[in-house]
Each structure stands twice: as structure tokens, then as C-alpha cells.
Amino acid sequence: MGSSPPIEEIHLAQEPEINGIPGPRSQELLETQREVDSNAVAYPRRVPVALEEAMGATIRDVDGNIFLDFFAGIGVLNVGHSNPYVVEGVEEQVGKLTHTIDFPTEPRIEFIKRLNDIAPQGLSGNSKVLFGGPSGSDAIEGSIKLAKHNTGRHGLLAFEGSYHGTTAGALSLTAGKAYKEGYGPLLADTVHVPFPNPAETELGGDIEAFCPAADCCQSGVCGRALDAVQRKFESPYGGHENPAAIWVEPIQGEGGVVVPPEGFLQGLRDIADDNDALLIFDEIQTGFGRTGEWFAADHWGVTPDAMTMAKGIGGSGLPIGAMMYHEKFDTWGPGGHVGTFRGNVPAFVGGIRAIDYIEEHNVLDHARTVGSYIRSRFRELAEDVPQIVDIRGKGQFTGVEFRVDGEPSKDLVEAIQRECYHNGVLVWYAGREKSVLRLLPPLVLTERQAEVGMEIICESIRTTIANHDGVETSE
Ligand SMILES: Cc1ncc(COP(=O)(O)O)c(C=O)c1O
């Protein structure tokens with residue numbers, strides 16, 4: 001095992017250095033990309049930059065500008081870009097053995113054991129891990145098969161606002177209409193019910209009268225959501241065969257970083273148990289430390305039957321998708337779920353080293369502290385910026401919702417994102433109306449980078465709001 005540098009030492013800089021963007025080389029590459037690459041390319045349309053190098057929470061573009069990265073390759077680079085300790089192991093492995101389908105290797109077996117060690121209580125020590133294809137969508141496809149295979153049912157239940165990926169099964173679960181319009185029919189009997197957002201107006205009245213949870217948390221939106229789920233299973237006129245499973249992001253990511261009320265996940269657990277359905281947590285975005293715990297499920301102490309993982313678990317950004325499920329559901333035989341890319345040895349090593357790094361440097365504590373600081377800066381700002389209507393999140397997962405004249409404002413968030421980019425901080429957005437600023441920096445973002453980054457973001461918000469009337473949007 002090589003040396004593992006402290007969090008402060010794995011970045012290109014502590015502050016951005018911007019000298020006119022997009023610079024000439026970026027402009028050339030962006031133009032050539034428009035000519036040769038697919039029209040489906042999306043990210044550079046909002047953040048026009050061509051990348052050269054990245055370390056920790058910093059990115060250098062091809063013209064030498066340095067940005068602070070507050071979105072980490074959309075939640076992938078949790079221990080930072082090119083973390084030297086992770087890269088060392090990955091490079092060594094690339095030179096030795098990379099692709100083994102599902103033959104055993106030391107890294108494969110060790111990675112499964114380490115995932116078991118950090119798994120949510122109730123899955124730890126009694127679960128199996130399955131590596132299917134390398135993406136999050138692939139992991140979701142595996143979970144659909146797992147649920148169908150174990151229940152003999154075919155219906156699926158997910159939530160409004162959810163995002164589970166883009167392959168046909170995963171796309172059926174994804175709620176965003178823009179992703180699926182024109183591609184139907186997708187999987188039959190997939191239903192979406194409301195996800196409880198505490199920021200929505202609470203429903204009045206006697207909540208316990210309709211909330212099915214044994215231990216009602218007194219949130220009206222939670223009671224309403226659980227009631228809708230329960231009716232899909234238990235109402236004789238629920239409209240469908242009972243679903244095989246419930247898929248839920250413990251904190252909705254793309255849906256706007258929505259943290260559900262206290263009793264929601266336990267309520268789902270109870271409904272799944274009462275109806276012999278599986279409860280599946282999609283931890284693809286919230287997992288591997290993003291929310292300040294290994295998995296978001298840990299915040300509520302609720303154990304899913306299965307959990308999907310991807311994005312950050314390879315440590316270095318090498319793609320790897322996985323599903324962990326209770327061993328009682330390991331009912332398929334050899335070849336029950338297959339694919340050529342059933343795990344990748346350098347990605348296993350990257351994942352193991354990322355776990356080492358997180359443990360050795362108390363990265364989860366660090367992410368909680370720095371994430372709380374970020375939200376506290378937004379709360380201060382909100383005191384005199386009424387367009388900020390909600391600030392939410394856990395660990396290094398933050399959402400800030402904007403409204404203009406009472407309406408969700410996609411244009412304002414897009415303009416803020418552009419202003420942050422011009423000032424050297426890369427941020428992303430989320431939300432059903434695209435009106436949420438989503439921050440998901442590497443967990444190793446330093447305190448200094450957070451301070452500098454938040455100065456820039458807050459100033460960018462003020463400037464953008466001051467000029468908002470003249471703002472043009474890209475669509
Ligand atoms: C919660 C969640 N599930 C599934 C996916 C799909 O993962 P992938 O894009 O790797 O297919 C994503 C991707 O953003 C996600 O955030």
C-alpha cells in the first residue's frame with residue numbers, strides 16, 4: 001500500500017484562476033465537438049469548457065484556467081479527481097489484469113467484502129453483491145430482474161420526481177417525461193406515486209387518520225405518499241397487479257435533492273413487508289459517502305432488500321455498477337444475470353482504495369462539516385434573497401430551490417450557473433422544474449475551497465438576481 005496524502009494536498013489549487021473563458025483552445029474543441037460528436041451531448045452546452053486535467057476538487061481547462069468543481073462529474077468523483085492514492089492502485093492494476101468477466105481475483109473478493117462492511121445495517125454481513133453492466137442503469141436493470149424473479153410479479157412502483165436511468169427498464173422507473181416521450185411502450189404496469197417533499201405545503205387535518213405508518217411522523221405529505229403506495233398494493237381497485245418492488249432514492253437527486261420526512265422510508269419498509277414486495281434503494285447518487293454516511297439509508301436506519309450502486313464506487317471514475325441484496329434473494333442459478341462487463345479489476349482496486357482513503361482521512365466527518373457550512377452560507381444569503389425558497393440536503397449533497405414571483409425559476413438557476421462558471425466555480429442544477437441549484441462537490445473539498453467557492457456562488461447569485469430581467473436562456 002502506498003502513501004495516502006491528506007485532503008488538503010490533493011488539489012491543483014485552493015482557489016480558481018480564471019483568465020477569460022471559454023479560452024481559445026476550449027472554443028476550438030467545443031466547435032469541433034459540435035461538428036463531430038453527437039447532438040445528444042449536453043453538459044458543455046451549459047458549461048462551455050474543454051478539460052485538460054483535474055485533481056481533487058479542481059479542474060484545469062485546456063487554456064490553463066482552474067475551476068473549483070462543485071459537481072464532481074455528477075456525483076462520481078467522491079474522493080476527488082485523480083486522488084493519488086487511488087490512482088496508484090488503479091495504474092498498477094491496469095498493467096497487470098483488467099478484464100476477467102466474473103472469475104475470482106483478489107481485488108474482486110476484497111471489494112465485495114469491503115462493500116459488505118460498509119453496507120447499511122441489516123445488509124452488512126448477510127448480503128450478496130452482483131456486478132452487472134458498468135452503469136447505474138445496468139444496476140437498476142439487474143434489480144428489476146431480481147424483484148421479478150423473487151416475487152413472480154411484473155409490476156413496478158416508483159416515485160414522481162425520480163431518476164433511475166435510461167435503459168428500457170430503468171427508464172420505465174424514471175419519472176421525467178422528457179426522457180421517455182417517444183420511446184414507449186416501456187415496461188407494463190409501472191406506476192409512479194407522489195414523493196413527499198417537506199417543502200410542499202403541509203396538508204392539514206388529522207394526518208394519522210390516513211397515514212398507514214405504524215409510527216406516523218406527522219408529516220402530511222409523507223402520510224399522503226405512504227397512503228398512495230399502500231393503495232397501489234392493497235386497494236382492490238388500485239389499478240394494477242401488485243408491484244414486485246418499490247424503487248426509491250432515499251434522497252431524490254435529479255428530482256431536486258429532496259430529503260423525505262422522517263417516517264417515509266420506514267413506512268415504505270412496512271408496506272413492502274406487509275405485501276411481500278421488495279424494497280429497493282437506489283443509492284447510485286446518494287451512496288458511497290455522498291450524504292455524509294456511507295449510504296443515505298444509514299440516516300434513517302432502514303434496511304432495504306436490495307440496493308443499487310454505481311457512480312462513485314469505482315473510486316477513480318472508472319465505471320462500475322453493482323447491486324447488493326439480502327442473501328435470501330439469491331435465488332437465481334448460474335448465469336441468472338449476465339453481461340460481458342461483470343466488474344472491472346482496476347475499478348475494484350479503485351473502490352477499495354477509495355474506502356481506505358475515506359476511512360483513513362475521516363472523509364465522512366469532513367463531508368458533513370463542510371456540507372453543513374455550505375448550507376449555512378445559503379441560509380445566511382436567503383435572509384435577504386427572497387428568491388431562495390428552500391435549502392436542503394445532507395453531507396455533500398445540497399439543493400437550493402429558487403422561485404421568482406412565486407414560480408419555480410429554471411431561467412434564474414441557469415443564469416446563476418453561468419455566472420458561477422464565469423467566476424470559476426462549476427455547479428449543476430436539478431429539480432422537476434430545473435429550479436434547484438444542485439451542489440455535489442467531491443467529498444474532499446477543503447474548508448478553504450468551500451469558503452472561496454461559497455463567496456463566489458453567493459456573489460454570483462446576487463449579481464444574477466440584480467440583472468435577472470435581461471437574462472437570456474439557452475432554450
Ligand atoms: C439515482 C440514480 N439512479 C440511476 C442513475 C443512472 O445511472 P447511469 O447514468 O450510470 O446509468 C442515476 C444517474 O444519474 C441516478 O442519479
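Visitor: Which residues of helix H12 meet Tyr85, Val86, Glu88, Gly89, Val90, Gln93 and Val94 in H4?
Guide: The model is predicted, so its local features need pLDDT of at least 70 and side-chain atom pairs count only at 80 or more, while totals for chains, interfaces and linings use all residues. Residues are numbered from 1 along each chain as its sequence is written, and side-chain values use heavy atoms, without hydrogens or water. Helices (H or I, at least four residues) and strands (E, at least two) are DSSP runs numbered from the N terminus. With contact taken as heavy atoms within 4.5 Å, those residues of H4 meet Val345, Pro346, Val349, Gly350, Arg353, Ala354, Asp356 and Tyr357.

Visitor: Are H4 and H12 roughly parallel or roughly antiparallel?
Guide: H4 spans residues 84-94 and H12 residues 345-360; their axes come within 8 Å and cross at roughly 155°. Axes are fitted to C-alpha atoms over the stretch in contact, with angles from 0 to 180 degrees between N-to-C directions. Under 35 degrees is roughly parallel, over 145 roughly antiparallel, 65 to 115 roughly perpendicular and the rest oblique. The two helices are therefore roughly antiparallel.

Visitor: Which residue in the turn between S1 and S2 has a positive phi?
Guide: The S1-S2 hairpin has two residues between its strands. A positive phi of about 55° belongs to Gly56.

Visitor: Which residue takes a positive phi in the hairpin of S2 and S3?
Guide: S2 pairs with S3 (residues 66-69) in the antiparallel sense over three bridges. Ile59 has Phe67 as its bridge partner in S3. Four residues lie between the strands, and the positive phi, near 90°, is that of Gly64.

Visitor: How many of the five residues of S10 are buried?
Guide: Buried means under 20% relative accessible area with a 1.4 Å probe, protein chains only; over 50% is exposed, and partly exposed lies in between. S10 (residues 322-326) is largely enclosed by the rest of the structure, because its buried residues number five of the five.

Visitor: Which residue of S10 stands opposite Val129?
Guide: S4 (residues 127-130) runs antiparallel to S10, joined by four bridges. S9 (residues 306-309) also pairs with S10 in the antiparallel sense, over four bridges. Met307 stands opposite Met324, and the S10 residue opposite Val129 is likewise Met324.

How values were computed: Pairing = 2+ DSSP bridges.
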